[in-house]
Amino acid sequence: MMSLNSKELEESKEITRRAFLKIISGLGLTGLMAGGLSGCVPKQTGEITPPLLAKSKMWPENVVGRIPIDPDNPSIVRYDEKCILCGQCIQACQETQSVYGFYNLPVVDETICINCGQCTLVCPTGAISERDDTRKVLKALADPDKFVVVQTAPATRVALGEEFGMPAGAWVMGQQVAALRRLGFDAVLDTNFTADLTIMEEATELIKRIKGEIDKPLPQFTSCSPGWIKFCEYFYPELLPHMSSCKSPQQMFGALAKTYYAKNKNIPPEKFVSVSIMPCTAKKFEAKRPEMNDSGLCLGKPALRDVDIVLTTRELARLLKQRNIDLNKLPKENYDPLMGESTGGAIIFGATGGVMEAAVRTAYFFVTGQQPPASLFNLTPVRGLSGIKEAQVDIPGAGTVKVAICHGMANGRKVLEKVKQGQSPWHFIEFMACPGGCLGGGGQPRTTALPSDEIRTKRLNSLYQADARWQRRESHENPEVVALYHKFLEHPMSELAEKLLHTEYVSRADKLNRTAVAAARSWKLRVVK
Amino acid sequence: MAKAVLVDITKCVGCGGCTVACKLYNELTWEEKEPQLGEKANLCANNWTVVQKFAVDTPETGVWRYIKRQCMHCLEPACESACFTHSFVKTKEGAVIYKPTELKQDFCVGCRYCMIACPFDIPKFEWDKALPFVRKCRFCNDRLKAGEPPACVSVCPTGALKFGEREELLVEARQRISASPHYVKDIYGEKEYGGTSWLYLSDVPFEKIGLKTTAFEKPVSKEPIPLYSWNVLKWTPYIFVGWGAVLTALHYYTKRRVEVHEEEMYEAVETKEDIKQ
């Protein structure tokens, strides 16, 4: 180093400076070039092109089409960037639910949708999804002035675990309650409580219909599935008198939460936020139906909604993951009192045939005043996943009650056609919009393969096992329901019960171009060759 | 023969599958601000086809109608005639294509005359790029050449889009109109601006679903737009040759006149000198 004379040093410095300037100017030029030319390079959007479509020579063998979804749909949304036109939504909508292709074109002023969400389960890219309401819940939870109450549907407790790596059908009722408490809900209550209540009202209504005490036709249809209700309003409005006037358990809960519960806990109803966790996307629509503000009407504040926010099972799982709450690590906790107790009859609401079985148990008790026989606690003909099921039950004093159960509206349509033609031998029919009932609902966790009976059977077995081990298995035995009637509603179908727990239905026939339905069926699934 | 597509508005269910098919097949990008389905849908550099929603009031009730919009592929395209670099061409299969992107022949200078010339406001410019192109529906030219329908038509689940020979589709459209009293008794695109390769049938007036029926407060022309400039430009050779002839004649006339004048002057001078001698 010492041998380096000053001249050499200066030279090397100079070279360095020159080189530096060269580099800088080179960078500048490159920068200019890059800046100028970047416009010519296709923009990377970060979207993954499905391998199916990466090769254009595959086109259009695997490209079929898709169903219409209105951007304002309260239940489901579609991200067009992800759509690959595989046509599986068409299959679900047309073959499982018999909606798409079963009305004539041109459209009137509505995109026909029963909000069931089956398309969200079959969409392979997740393009179709539930409308995300988690932000509304977070906002309500963050507000110290609000008293946020949550209810959980019967079928979420056998499916939520799947989102956290548990096997299908894992029973996570206790962990779910604990998780909801960790999220900050002020009260964690159970929709099963109002499922029992629904049975009380619905069984009473059925007996009254059979005995001819009310002027309504037989068979009576169940009214727990909002997708099914909308289906009937669209396609079979003439059969709406058959529909039980009972609200669904979610809406019964909503109506009672802001009246009965709020009164008991001394909470002003305006500060009350009612959230529900449902396996169903149609529940989002149901909660937004204009007539679902009976608690508000009762309190003289018509702007109040019975249920404010509906989350699906998937949204709840997302919320928990966002907050780093792992269901696996949570203890089992119990529901809060007053509206948290349930019976086995309510638990099986989540499975196809469950409403029927629970109703039959309680109807038997109502008519005879006696415990139902053991066979009614394992009513095998109404269980299982076959599309249309039939059974008959002898109830002393009411005779033989013939019942039918169907799930998936394509099956429902077959039953409805029979009823329409007057060939129905049944007294009571259970309809569930989704295959398998609520446990296969459109808001349930997505499976890696297409939704299958394998998964549904596991969830179904889990529900029936819970029913079998439950201490109380008949809805009328629910002590909190008994207390509710004692303190508040007096008796099933009382004036107040009619006001809060029952509803009316509207024909949506005018939304449907029914001029030539036969011709409409000709636009079946078209696979392009 | 030239291919065409018949769009039956009354059969559209509004799924927007055609717009997705276009994006997938032509590898176009998605922009959140540029929806391709709904009331706010509009054509842009990356939306070559959109499905627009219109709430139309009818005598009985209000109805929704969906209309697929894209390049109409005019039989005599205005863009083709307006472009002085011949960047547009109407192929024999019926597509109006933009050569710089379609055939990799870079003629376009970016003057955007085509955008002004187009009566349907179809060609869109890549405003955000340094070396932009004009972009629009290409009728899936490669598929058309192979005899296949364009991507959008191939995915229409309700049969609202029908691909075929233009003449045959016109016959079918007339049959549909006569079979049902609901249709407007007209086929949009049959004669508009000299006829287009995309034809529309509707049960509500065309202007209510965004189709152009008037221009400058007059019904749209049945004449192709290039005809307007042709009516003027066709005189170019005559004027060119004629004016040349006139000028030449003038030139010879003046030249001759100068010659005559000089000769006369010369003669006059000689005459004077002759007189002196």
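**Sheets, helices and contacts**

Reply: Chain A has an open sheet of four strands in the order E5-E10-E9-E8, with mixed pairing. Strands (E, at least two residues) and helices (H or I, at least four) are DSSP runs, numbered from the N terminus, and two strands pair if DSSP finds at least two bridges between them. This is a predicted model, where local features need pLDDT of at least 70 and side-chain atom pairs count only at pLDDT 80 or more, while totals for chains, interfaces and linings use all residues. Residues are numbered from 1 along each chain as its sequence is written, and chains are lettered from A and ligands numbered from 1 in the order in which they are written.

Me: Which strands stand at the edges of that sheet?

Reply: Strand E5 (220-221) and strand E8 (388-395) of chain A do; each has a single partner strand, so one side of each is left without a neighbour in the sheet.

Me: And how many bridges do E9 and E10 of chain A pair over?

Reply: Five, with strand E9 (399-407) and strand E10 (428-432) of chain A pairing in the parallel sense. Cys406(A) sits opposite Phe431(A) of E10(A).

Me: What lies across E8, E9 and E10 of chain A?

Reply: Helix H15 (409-420) of chain A, which runs at about 140° to E9(A). Angles run from 0 to 180 degrees between N-to-C directions, and axes are lines fitted to C-alpha atoms, for helices over the stretch in contact.

Me: OK, helices then. At what angle do H7 and H9 of chain A pack?

Reply: About 105°, with the axes of helix H7 (191-211) and helix H9 (249-265) of chain A 8 Å apart. That makes H7(A) roughly perpendicular to H9(A), a label for angles of 65 to 115 degrees (under 35 is roughly parallel, over 145 roughly antiparallel, the rest oblique).

Me: Which residues make the contact?

Reply: On H7(A) they are Thr191(A), Thr194(A), Ala195(A), Leu197(A) and Thr198(A), and on H9(A) Pro249(A), Gln250(A), Met252(A), Phe253(A) and Leu256(A). Being in contact means that the C-beta atoms, placed from the backbone, lie within 7 Å. By class, the contact of H7(A) with H9(A) has six nonpolar, four polar and no charged residues. Ala, Val, Leu, Ile, Met, Phe, Trp, Tyr, Cys and Pro count as nonpolar, Asp, Glu, Lys and Arg as charged, and the others, Gly among them, as polar.

Me: Switching topic: what are the domains of chain A?

Reply: Domain 1 (60-131 + 511-520) and domain 2 (134-510), with bounds that come from an automatic or database domain assignment. The C-alpha centres of these two domains of chain A are separated by 26 Å. Their contact takes 24 residues from domain 1 of chain A and 31 residues from domain 2 of chain A.

Me: And how far apart are the domain centres in chain B?

Reply: The C-alpha centres of domain 1 and domain 2 of chain B lie 63 Å apart. Domain 1 of chain B spans 3-226 and domain 2 spans 235-277.

Me: How many residues of chain B are in contact with chain A?

Reply: 30 residues of chain B, in contact with 30 residues of chain A. On the chain B side, H1(B) gives the largest share, five residues. That side of chain B divides into 16 nonpolar, nine polar and five charged residues.

Me: Last one: what order do the strands take in the sheet of chain B?

Reply: E2-E3-E4, in an open sheet of three strands with mixed pairing. E2 and E4 of chain B are the edge strands, each pairing on one side only.

Key: Two residues are in contact if their C-beta atoms, placed from the backbone, lie within 7 Å.
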